[in-house]
Amino acid sequence: MAGASGLDEQDMGAGAPETPSRARAPAKSKAAEGGRVVRTRDPERTKASILSAATAEFSARGFAGAGIDAIASRSGANRRMIYHYFGSKRGLWLAVLEAAYERARTSELKLNLESLSPEDAMRRLVTFTFDSFIGERTFINLLNSENLHQARHLKESERVKDMHSPLIGMISAIVERGVKEGVFRDGHDPAQLWISIAGLSYFYFSNIFTLSVILNRDLASKKELAARRAHVAELVLNALRLPPQAATLSALGSDPAQRT
């Protein structure tokens with residue numbers, strides 16, 4: 001694939017990868033007879049270095065703008081080595097996307113929300129999602145670029161779909177506990193709820209510069225971030241909560257004598 005992708009497909013499958021000329025994460029070495037140093041390859045370390053460099057380059061320039069030569073320069077690898085490990089520029093881009101999603105989903109699953117009350121668990125998830133966008137625009141930039149391409153690369157990934165099943169299950173479990181405890185309304189679609197949680201934060205940060213100008217407010221300031229975080233959490237919780245009268249009746253139970 002040539003052109004916008006910046007990929008010379010003739011370089012693909014050109015044999016074993018060459019030793020990097022100036023790798024930032026050099027391979028291990030050992031002394032041999034006669035004082036000669038023999039360098040040994042560390043494939044996992046090399047792949048991680050390439051992936052890190054590609055993440056930075058794709059985030060800064062998008063899929064179309066990023067170049068394999070620039071990624072090679074950042075990582076200290078060479079073009080043939082990149083193609084050896086990732087197959088193509090599209091393969092490398094997909095690996096970057098999958099790694100970004102994996103970092104986000106893994107962090108969410110470590111929140112231990114099962115130990116919190118339904119309201120506290122949902123508030124924690126919402127505020128964690130909001131805070132995950134503060135300062136770090138890599139994920140936003142990657143998503144913006146992939147959406148420009150209508151997710152044509154992400155469609156090839158089964159891993160990303162699998163990553164989101166536990167997240168949706170976790171949200172569903174929180175809502176179900178809230179319904180049983182009489183604090184949340186029934187009938188919520190956990191997937192729709194997740195879209196709302198992510199969207200309320202994503203829109204704010206993806207448009208923070210233009211919104212700051214339009215509203216004449218520094219939306220990146222600590223004061224504005226705290227206000228927005230609290231607003232988003234309350235908005236989601238208010239959408240889930242039972243109306244006050246219904247919550248009172250739920251707490252009293254079904255015994256008419258308790259309602260007098």
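What share of the 260 residues of the protein counts as buried? The share is 36%, where buried means under 20% relative accessible area, exposed over 50% and partly exposed in between, with a 1.4 Å probe and protein chains only.

1. Basis. This is a predicted model, in which local features need pLDDT of at least 70 and side-chain atom pairs count only at pLDDT 80 or more, while totals for chains, interfaces and linings use all residues. Residues are numbered from 1 along each chain as its sequence is written, and side-chain values use heavy atoms, with hydrogens and water left out.

2. Overall fold. The protein has 11 helices and 2 strands. Both kinds of element are DSSP runs numbered from the N terminus: helices are H or I with at least four residues, strands E with at least two. Along the sequence the pattern reads β-β-α-α-α-α-α-α-α-α-α-α-α.

3. Nonpolar core. The largest nonpolar core has 29 residues. Such a core is a set of buried Ala, Val, Leu, Ile, Met, Phe, Trp, Tyr and Cys residues joined through side-chain atoms within 4.5 Å. Ile50, Phe58, Ile71, Ile82, Leu92, Tyr101 and Leu142 touch the most other members. Two or more residues each come from α1 (43–65), α2 (68–75), α3 (79–86), α4, α6 and α7. Helix α4 gives the most, 9 residues. In soluble globular proteins, nonpolar side chains tend to be buried together.

4. Contacts across the sequence. Thr55 belongs to helix α1. Its relative accessibility is 12%, so Thr55 counts as buried. Val160 belongs to helix α7. Val160 is buried because its relative accessible area is 7%. The C-alpha atoms of Val160 and Ala100 are separated by 9.9 Å, and the two residues are 60 apart along the chain.

5. Largest pocket. About 730 Å³ of space lies here. The search runs on a 1 Å grid over the protein atoms alone; a pocket is an open set of points where a 1.4 Å probe fits, with protein on both sides within 12 Å along at least five of seven lines, and lining residues have an atom within 4 Å of a point. Points are joined across faces, edges and corners, and the volume is the space filled by probe spheres set on them. There are 24 lining residues, and Tyr101, Arg105, Phe139, Leu143 and Trp194 are the closest to the centre. The elements giving two or more residues to the lining are α4 (89–109), α5 (118–131), α6, α7 and α8 (190–206).

6. Pocket lining. Helix α4 supplies the largest share of the lining, 7 residues. By class, the lining has 13 nonpolar, 7 polar and 4 charged residues. Here Ala, Val, Leu, Ile, Met, Phe, Trp, Tyr, Cys and Pro count as nonpolar, Asp, Glu, Lys and Arg as charged, and the others, Gly among them, as polar.

7. Aromatic pairs. The count is 9. Rings of Phe, Tyr and Trp (its six-membered ring) pair if their centres lie within 6.5 Å; planes under 30 degrees apart are stacked, over 60 edge-to-face and the rest tilted. Phe133 and Phe205 are stacked, at 5.9 Å centre to centre and 25 degrees between the planes. This pair links distant parts of the chain, 72 residues apart: Phe133 is in the loop between α5 and α6, Phe205 in helix α8. Phe133 counts as buried because its relative accessibility is 9%. Phe205 is buried too, at 4%. Tyr204 and Phe205 pair edge-to-face, at 5.2 Å centre to centre and 80 degrees between the planes. Tyr204 has a relative accessible area of 6%, so Tyr204 is buried. One aromatic cluster is formed by Phe130, Phe133, Tyr202, Tyr204 and Phe205.

8. Charge over a ring. The charged end of Lys89 sits over the ring of Phe63, 4.9 Å from its centre. The rule asks for NZ of Lys or CZ of Arg within 6 Å of the ring centre and within 35 degrees of the ring normal.

9. Backbone points to check. Most residues other than glycine have a negative phi. Gln150 has a positive phi, near 55 degrees. Gln150 lies in the loop between α6 (138–148) and α7 (158–180). Its relative accessibility is 64%, so Gln150 counts as exposed. Phi of Ala151 is also positive, near 60 degrees. Ala151 is placed in the loop between α6 and α7.
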